[in-house]
Amino acid sequence: MSNTENMAPATTDVSLAESQRKKANTEGSNSPPLFPTSDVKDYDLSEAEQQITAAGEAKYSRLSWKQLTLMLIVDAIALGALSIPQAFATLGMIAGVICCVGIGLIAVYTSWIIGKVKLAFPAVQHYGDVGGLLLGRVGYEVFSAVFVIQLIFVVGSHCLTGTIAFATITESTICSLVFGVVSAIILFLLAIPSSFADITILGYIDFASILIAIGITIITTGIQGSNSPGGLAAVAWSVYPKENVTFTEAYVAIGDIVFAYSFATCQFSFMEEMHTPTDFTKSIWVLGLIEIIIYTVTGATIYAFVGPNVQSPALLSAGTTVSRIAFGVALPVIFISGSINAIVVGRLLHTRVYKNSVIRYINTPKGWMTWILFVAAITIVAWIIAEAIPFFTDLLSIISALFTSGFSFYLPPIMWLILLCKGKWFSKENLPFAIINFLVFLMGLAVLVCGLYSSIDDIRNSYRTGSVQSPFSCSQT
């Protein structure tokens with residue numbers, strides 16, 4: 001049965017969200033609180049602190065459904081979109097299109113479940129809080145730790161991508177560690193704003209950036225294909241998978257598409273700032289349709305223009321000069337998307353540390369000072385991890401297989417069963433959803449198992465061939 005009846009509207013003057021968290025933590029249980037909330041009563045606050053609290057609540061309750069859509073787009077659509085043409089080259093045109101559309105619709109469905117959980121349990125601020133609902137205090141701590149680790153690794157991946165982009169653009173012989181430090185500084189500066197509503201203007205820049213980069217790649221590869229001997233008709237693309245495709249190759253191709261749709265990890269965090277959370281369905285449908293169109297068109301057209309030898313990312317197939325231009329255009333995508341993840345982690349940790357203080361609202365001098373220190377620490381840790389681990393990219397793939405597969409696919413069906421399903425799961429009204437959720441759950445487990453196998457196998461091959469670099473290497477990878 002759903003527990004939504006236990007989440008009655010708040011009546012205190014502190015804030016609706018804070019009151020709901022207090023009720024979720026105390027009603028019907030003598031166990032420790034599941035969510036990090038303030039233990040300070042509203043009548044214990046001074047007048048100045050009450051004003052800071054009111055301003056803080058207003059600051060973090062301004063996100064509209066259009067801005068939520070933008071945040072999800074920024075979090076979801078990045079240079080990974082340009083890896084999909086190579087997935088088409090492995091899977092063939094028919095399977096590629098089916099995967100892009102089908103997996104996209106599944107991602108919209110799991111995102112819808114996540115949104116419903118947020119509406120039913122307004123106390124949920126981050127994905128870690130779901131662990132508290134499912135498994136109590138231990139679940140909250142484990143989910144929160146996994147959530148933080150996942151996003152710090154993502155920030156590190158954006159730092160490395162920035163390093164590669166700068167090295168490609170400049171064609172410089174400068175040690176890549178210098179570009180890595182520059183990338184980390186940019187990520188830090190862009191993560192200083194603490195409210196998602198304050199950085200939506202960057203979201204527009206990010207979205208325009210990736211569209212232009214994809215557009216440049218499509219147009220250039222189309223022109224090159226037309227000017228090649230025999231024109232586009234001579235390009236050797238196929239409607240069927242390539243011959244003798246191995247299991248690992250097939251999964252890597254499908255995995256590229258799966259993880260391109262993994263936008264649900266930060267959805268709870270974004271929805272926490274919405275002024276009208278019930279509008280979330282508009283956001284996920286708009287995002288889902290935009291992603292399906294962009295990924296399908298990008299994968300199909302570039303594969304049709306280049307053929308089986310298309311590279312990943314596909315902009316490398318457009319030639320040296322054009323790839324440098326495209327990388328330059330895509331720089332905002334690399335850094336803005338990465339900074340969003342740093343903000344999400346920072347907000348979780350900062351709110352937890354200062355749960356009993358108005359400092360958590362980041363609208364006082366001390367609040368800003370501590371926030372900047374948190375963001376700096378997160379960025380530095382992400383950079384160190386990315387540079388210190390010689391097989392960081394493969395390790396990121398393992399992390400994604402372990403955690404993203406759950407956050408986006410196999411955990412939402414469990415959330416539906418335990419938190420949303422009213423009555424017996426096999427009842428007439430629930431059975432269709434139960435079947436769908438079971439199939440989605442199996443898909444998530446397949447992504448988990450196959451992703452782990454492929455990533456570990458790739459690490460073994462890298463060591464076998466000697467392609468693993470040294471920590472903090474100057475090599476431009």
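## T379 and its surroundings

Leaving aside neighbours within four places in sequence, T379 is in contact with A184, L187 and F188, where contact means heavy atoms within 4.5 Å. This is a predicted model, so to speak: local features need pLDDT of at least 70, side-chain atom pairs count only at pLDDT 80 or more, and totals for chains, interfaces and linings use all residues. Residues are numbered from 1 along each chain as its sequence is written, and side-chain values use heavy atoms, with hydrogens and water left out.

T379 sits in helix α13, residues 365-388. Helices here are DSSP runs of H or I with at least four residues, strands are runs of E with at least two, and both are numbered from the N terminus. Is T379 buried or exposed? T379 counts as buried because its relative accessible area is 5%; the cut-offs are under 20% for buried, over 50% for exposed and partly exposed in between, using a 1.4 Å probe and protein chains only. The T379 side chain also reaches the backbone oxygen of V375 at 2.9 Å. That is a polar contact in the sense of a pair of N or O atoms within 3.5 Å; within protein, one must be able to donate a hydrogen and the other to accept it, and residues adjacent in sequence count only if both atoms are side-chain atoms.

## The annotated span

What does the record say about this chain? An unreviewed UniProt entry carries the annotation "domain: Amino acid transporter transmembrane" over residues 62-456. UniProt positions follow the numbering used here, feature names are shortened, and annotations may be inferred rather than shown by experiment.

## α4 against α9

Helix α4 (residues 84-91) packs on helix α9 (residues 247-260) at an angle of about 140 degrees, and the axes are 9 Å apart. Axes are lines fitted to C-alpha atoms, for helices over the stretch in contact, and angles run from 0 to 180 degrees between N-to-C directions. The α4 side supplies I84, A87, T90 and L91, and the α9 side supplies E249, A250, A253, I254, I257 and A260. Sorted by class, that contact comes to eight nonpolar, one polar and one charged residues. For the record, Ala, Val, Leu, Ile, Met, Phe, Trp, Tyr, Cys and Pro count as nonpolar, Asp, Glu, Lys and Arg as charged, and the others, Gly among them, as polar.

Most residues other than glycine have a negative phi, and most peptide bonds are trans. With that in mind, have a look at S312 and P313: a cis peptide bond joins them, with omega about 0 degrees. P313 is in the loop between α11 (280-306) and α12 (320-353).

Two residues other than glycine also show positive phi values: E171 near 50 degrees and I362 near 55 degrees. E171 is in the loop between α6 (127-170) and α7 (176-190), while I362 is in the loop between α12 and α13. Their accessibility goes separate ways: I362 is buried because its relative accessibility is 0%, whereas E171 is partly exposed at 48%. Not counting residues up to four places away in sequence, E171 touches T320 and R324. A300, 129 residues from E171 along the chain, is 30 Å away, C-alpha to C-alpha.

Which residues does V108 touch, not counting residues up to four places away in sequence? They are F263, I284, W285 and G288. V108 belongs to helix α5 and is buried, at 3% relative accessibility. S262 is 154 residues from V108 in sequence, yet the two C-alpha atoms are 9.9 Å apart.

T200 lies in helix α8 (residues 200-227) and is buried at 9% relative accessibility. Apart from neighbours within four places in sequence, T200 is in contact with L63, Q67, L70 and M71.

Finally, two loop residues. Q125, in the loop between α5 (93-120) and α6, is buried at 10% relative accessibility, and its C-alpha is 26 Å from that of S46, 79 residues away along the chain. N244, in the loop between α8 and α9, counts as exposed because its relative accessibility is 72%. The C-alpha atoms of N244 and F438, 194 residues apart along the chain, are separated by 32 Å.
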